[in-house]
Amino acid sequence: MSPGGEPLELNESRNATEEAILDAARDALADTEYRRLTMDVIAKRAFVSRTALYFYFPNKRALVDRLILRAFLDMYEAAAPYLDGSGDPRAELRRGLARTVKVIDRDAHVLTLAAMLSGEEDRLPPQWAPYVVRFVEGATARIARDQTRGIAPSDIPPRLAAQALLAMVERHVTLELIQGGGDAHQSIRVLAELWWRAVYSKPADPLPA
């Protein structure tokens, strides 16, 4: 949310002071337990006054909520090579996924904290839903465009494909990379290839009777 309480849009310009506060909070959370972290510490690390800090964030929880929303915005922008692309989907998939995983790696401790604070193990808090929906809509639109271009078979509904494939990516990244510390390079290669084969590979011709 912006200081005025309006939802942030993907193309909204960012305020330098707010960004400095968020960066300081993200870095502080990497080496300080959430319950021990104070707004005063964040203000000092961001080199801003308490007045400036409380102008943007009324409390520590609001700051963390904004951190997770920024992570979603950054992940969507990172995925733009595929979501907004019109070239080779195989190459754009790998590039977009690699950039997205880089953001997730940067914010892994924030994402883990956010999940803990939400009290939900298998779903995100409702206020984050619009940011997740953007991923579904973006992937749906890309798959539909490529079906229209004739480079992807049209026998699978684009939205259903997008939902299933995004769920696969989210689950793997959460379990294997964030929690398991797996090989990000290998995961990116395999996930991108699985997505490409699912959407762009033509089904084999049926065997003759």
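How many salt bridges does the structure hold? In this predicted model, the structure holds 16 salt bridges. One of them joins the side chains of Asp23 and Arg26, with an N to O distance of 3.5 Å. Both Asp23 and Arg26 belong to helix H1 (residues 16–31), where they are three residues apart, about one turn of the helix.

Confidence was examined along the chain. The mean pLDDT of the chain is 85, and 85% of the residues score at least 70. Helix H5 (residues 80–83) has the highest confidence in the chain, at 97, whereas helix H7 (residues 108–118) has the lowest, at a mean of 76. Over residues 1–8, pLDDT stays under 50; for this segment the model has 15 contacts beyond four places in sequence.

The axes of helix H4 (residues 60–78) and helix H6 (residues 89–106) come within 8 Å of each other and cross at roughly 160 degrees. Because angles over 145 degrees count as roughly antiparallel, H4 is roughly antiparallel to H6. The crossing of these two helices is right-handed. On the H4 side, the contact involves Ala71, Asp74, Met75, Glu77 and Ala78; these meet Gly96, Arg99, Thr100, Val103, Ile104 and Arg106 of H6. By class, the contact of H4 with H6 comprises five nonpolar, two polar and four charged residues.

Helix H6 also packs against helix H10 (residues 184–200). The axes of H6 and H10 come within 9 Å, and their crossing angle is roughly 140 degrees. The two helices are therefore oblique to each other, and H6 passes H10 in a right-handed crossing. From H6, the residues Pro89, Arg90, Leu93, Arg94, Leu97, Ala98 and Val101 take part. Their counterparts in H10 are Ala184, Ile188, Arg189, Leu191, Ala192, Glu193, Trp195, Trp196 and Tyr200. The contact of H6 with H10 divides into twelve nonpolar and four charged residues, with no polar residue.

A further contact of H10 is made with helix H9 (residues 158–179). The axes of H9 and H10 come within 11 Å and cross at roughly 165 degrees, and the two helices are therefore roughly antiparallel to each other. The crossing in which H9 passes H10 is right-handed. Leu165, Leu166, Met168, Val169, His172, Val173 and Leu177 form the H9 side of the contact, while Ala184, Ser187, Leu191, Leu194, Trp195, Ala198 and Val199 form the H10 side. Twelve nonpolar and two polar residues make up the contact of H9 with H10, and no charged residue is present.

Notes:
Residues numbered from 1 in each chain as written. Predicted model: local features only at pLDDT ≥ 70, side-chain atom pairs only at ≥ 80, totals over all residues. Heavy atoms only, no water. Axes fitted to C-alpha atoms, helices over the stretch in contact; angles between N-to-C directions. Helix = DSSP H or I, 4+ residues; strand = E, 2+ residues; numbered from the N terminus. Parallel < 35°, antiparallel > 145°, perpendicular 65-115°, else oblique. Left-handed = near helix turned anticlockwise from the far one by under 90°. Contact = heavy atoms within 4.5 Å. Nonpolar A, V, L, I, M, F, W, Y, C, P; charged D, E, K, R; others polar. pLDDT = per-residue confidence, 0-100. Salt bridge = Lys/Arg side-chain N within 4 Å of Asp/Glu carboxyl O.
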